[in-house]
Amino acid sequence: MIYDVFFSICQTEVDGYKPTEREMFNNFFDQVKLADRLGYKTAWIAETHLSCEVQKENPGAVIPHFKGEIGLNTDILQLAHKVFAVTDTINVGSAIMNILCNGGPIAHAEAIKTFLALHGLEEKEKRVLEIGFAAGRFPFSNVPYGIRPRDPVEEKAWPVVKGLLFREATEIFLRALKDESFSSNDITKYMLTRDLFRTDEEWNELVKVYNQTTSGDQIGVDGCIPLRSFWDFDKLGVIPFESRMELLKLTIGSHDPLTQKHANKFLPCGVFNLSITPSEKIDETHVFMQDHYHKDGGSWQRHLMPRTCLIFVNGDADKSPSQQTVAAKKAAKSALENYWLAMEGTLDPDKIEKAVNNSIAGNPEVVAGMIKEKYHPQDRLMLWFDFNNHNNEEIKNSMETFANKVIPLLEQ
C-alpha cells in the first residue's frame with residue numbers, strides 16, 4: 001500500500017474562525033515539510049480557480065452558503081517549485097489540474113514542460129510531478145475562458161458536449177506533452193449521436209433544435225449531429241523540447257471509460273477515483289484499465305488509481321483506546337456537519353451518518369482495521385487530514401499518529 005497526503009488548503013469558516021491566506025499557506029508548508037520527514041510518498045494539492053465568494057454575488061451561485069474560498073491553490077506549478085525547494089523526497093501532485101481554463105490544454109502542456117525543464121536542471125533530481133487533470137469542478141471557473149455553449153444545439157446538449165469537449169482537450173494536452181507537431185485538423189472529430197443521450201425524448205428534442213437552427217441538411221432521429229472543434233489552430237509544437245519528461249506522471253480525472261481509453265492512446269494515464277466511489281465501479285475500472293493502459297507505462301497496477309481517504313485518527317496518550325475512538329468519531333461528525341452545512345445550507349442526518357461511516361475514524365488500531373477492511377493491500381491512499389480543520393498542530397499530530405502508529409499495524 002502507498003501512503004500519500006491530500007492537502008485542500010480550504011479557507012472556509014470553521015467554528016466561526018477563518019484563517020487569513022497567509023496563515024493557510026504557512027500551515028500548508030509546515031504540514032508538507034512534516035509529510036516529507038514522515039516519509040509520505042506524494043503531496044496531492046487541491047486546485048481551485050476564481051473566487052467562490054465573488055461568484056456568490058451572481059445569479060445561480062453554486063455554493064451560496066459556503067463562507068470563504070474552497071481552495072487557495074490556483075497554480076500547482078508555482079506551488080510545486082516552492083514545495084520541492086523546502087523538502088527532500090516527497091513528490092508533488094495536482095488534485096486536480098483544470099486543463100480547460102487559464103488558456104486551455106496547449107497552455108497547460110507548455111507550462112508543464114517548462115516546469116520540468118527547470119525542475120530537472122539538477123541531473124540528480126528524481127522527485128516526480130504528478131499531474132492529475134480534469135475539466136474542473138465548477139462551471140463558473142471555465143465560462144470566462146470560453147468554455148460554454150456556442151449555439152442552441154450545444155446549449156441543448158451541453159452535458160454531453162462538455163464531456164466530448166474534455167476528451168478533445170485531453171488529446172491536445174497529451175499530444176503536446178509528447179512533443180508532437182500537429183494542428184487542430186489532426187485531432188479526433190466528434191458527433192452527437194443517440195447513444196450519448198439517456199432517452200429518446202432528449203435526443204428527439206436535440207434533433208428538433210438542430211433542424212430548426214441549421215441551414216444545411218436536415219437530419220432524422222437516426223442521424224448524427226457534427227460537433228465543431230473547440231480549439232482551432234495551425235500546426236504547432238510546444239516548447240521546451242528537452243524537458244525531463246521522465247519526472248512526469250499523469251492521472252486523468254474522468255469516470256468515463258471511453259475518455260480513459262482515449263487518453264491512454266497517447267500517454268500512460270492513471271485514473272482518479274474518490275473514496276465515495278462504489279466498490280463495484282472501482283473494480284470495473286481496474287479490470288477495464290488492464291486492457292487499455294498505455295503500453296509505455298507497463299502493466300496496470302492498483303496504485304495507478306489513487307483514492308481519497310478521509311482520516312480522523314486519535315492517538316492521545318491521555319485517553320484510553322475507546323476514548324480515542326469516541327474523540328475521533330466526534331471530530332469526524334463535527335467536520336462533516338460543518339462541511340455539508342457550508343455546501344448545502346442544511347443538515348441531512350442520513351447524509352451525515354453515511355459520510356461519517358464512509359470516513360476512517362478511530363484510534364490507531366481501529367483505523368488500521370478499517371483500512372484493511374475497506375482497501376486492497378496494493379491500493380494507493382491520498383490521506384486527507386486537514387478536512388474542515390484549521391488547527392495546524394492537530395493536523396500534524398494526526399499525520400504523525402498515522403505514520404508512526406497506523407502504518408506499522410498495516411504492514412504487519
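Contact here means heavy atoms within 4.5 Å. By that criterion, residues 24 or more positions apart account for 75% of the contacts with a separation of 6 or more in the protein. The model examined is a predicted one.

The protein contains 13 helices and 13 strands. Its C-alpha trace extends over about 75 × 55 × 40 Å along the principal axes. The radius of gyration is 23 Å, which agrees with the value near 22 Å that a compact globule of 412 residues would have. Of the 412 residues, 52% are buried. The accessible surface amounts to about 19,800 Å², and carbon and sulfur atoms contribute 50% of this area. Charged side chains number 45 positive and 58 negative, with the centres of the two sets 2 Å apart.

Helix 6 spans residues 158–177, a run of 20 residues. The distance from its first C-alpha to its last is 28 Å, close to the 28 Å expected at 1.5 Å a residue. Because 17 of its 20 residues are buried, helix 6 is largely enclosed by the rest of the structure. Just after this helix, Asp179 adopts a positive phi of about 70 degrees.

Helix 7 covers residues 200–213, and its 14 residues should span 20 Å at 1.5 Å a residue; the end C-alpha atoms are 20 Å apart, in agreement with that figure. Its buried residues are Trp203, Leu206, Val207, Val209, Tyr210 and Asn211. These buried residues pack against three elements: helix 5 (152–156), strand 7 (190–192) and strand 8 (225–227).

Helix 10 comprises the 24 residues 321–344. Buried positions in helix 10 include the alanines Ala328, Ala332, Ala335 and Ala342. Gln324, Thr325, Leu336, Asn338, Tyr339 and Met343 are also buried in this helix.

Two buried residues illustrate contacts between positions separated in sequence. Val271 belongs to strand 10 (residues 270–271). With a relative accessibility of 0%, Val271 falls under the 20% limit and therefore counts as buried. When residues up to four places away in sequence are left out, the residues that Val271 touches are Thr251, Ile252, Ser254, Gln260, Thr285, Met289, Trp300, Leu304, Met305 and Pro306. The C-alpha atom of Val271 lies 8.6 Å from that of Leu250, a residue 21 positions away along the chain.

The second residue, Thr401, is located in helix 13 (residues 392–410). Its relative accessibility is 13%, so Thr401 is likewise classed as buried.

Most residues other than glycine have a negative phi, and most peptide bonds are trans. A cis peptide bond runs from Ala95 to Ile96, with omega near 15 degrees. Ile96 lies within strand 5 (residues 91–98). Another cis bond links Ile239 to Pro240, where omega is about -5 degrees. Pro240 is placed in the loop between strand 8 and strand 9 (248–252).

Positive phi angles occur at Ile9 and Asn102, neither of which is a glycine. For Ile9 the angle is about 45 degrees. This residue sits in the loop between strand 1 (2–7) and strand 2 (11–12), and its relative accessibility of 2% means that Ile9 counts as buried. For Asn102 the phi angle is about 55 degrees. Asn102 is part of the loop between strand 5 and helix 4 (104–119). At 33% relative accessibility, Asn102 counts as partly exposed, whereas Ile9 is buried.

Terms used. Residues are numbered from 1 along each chain as its sequence is written. This is a predicted model: local features need pLDDT of at least 70, side-chain atom pairs count only at pLDDT 80 or more; totals for chains, interfaces and linings use all residues. Side-chain values use heavy atoms; hydrogens and water are left out. Helices (H or I, at least four residues) and strands (E, at least two) are DSSP runs, numbered from the N terminus. The expected span of a helix is 1.5 Å times one less than its number of residues. Buried means under 20% relative accessible area, exposed over 50%, partly exposed in between (1.4 Å probe, protein chains only). The radius of gyration is taken over C-alpha atoms; the globule rule is 2.2 Å times the number of residues to the power 0.38. Accessible areas come from the Shrake-Rupley method with a 1.4 Å probe; for residues, only the protein chains shown count as cover. Lys and Arg count as positive and Asp and Glu as negative; His and the chain ends are not counted. The place of a charge is taken as NZ of Lys, CZ of Arg, CG of Asp or CD of Glu.
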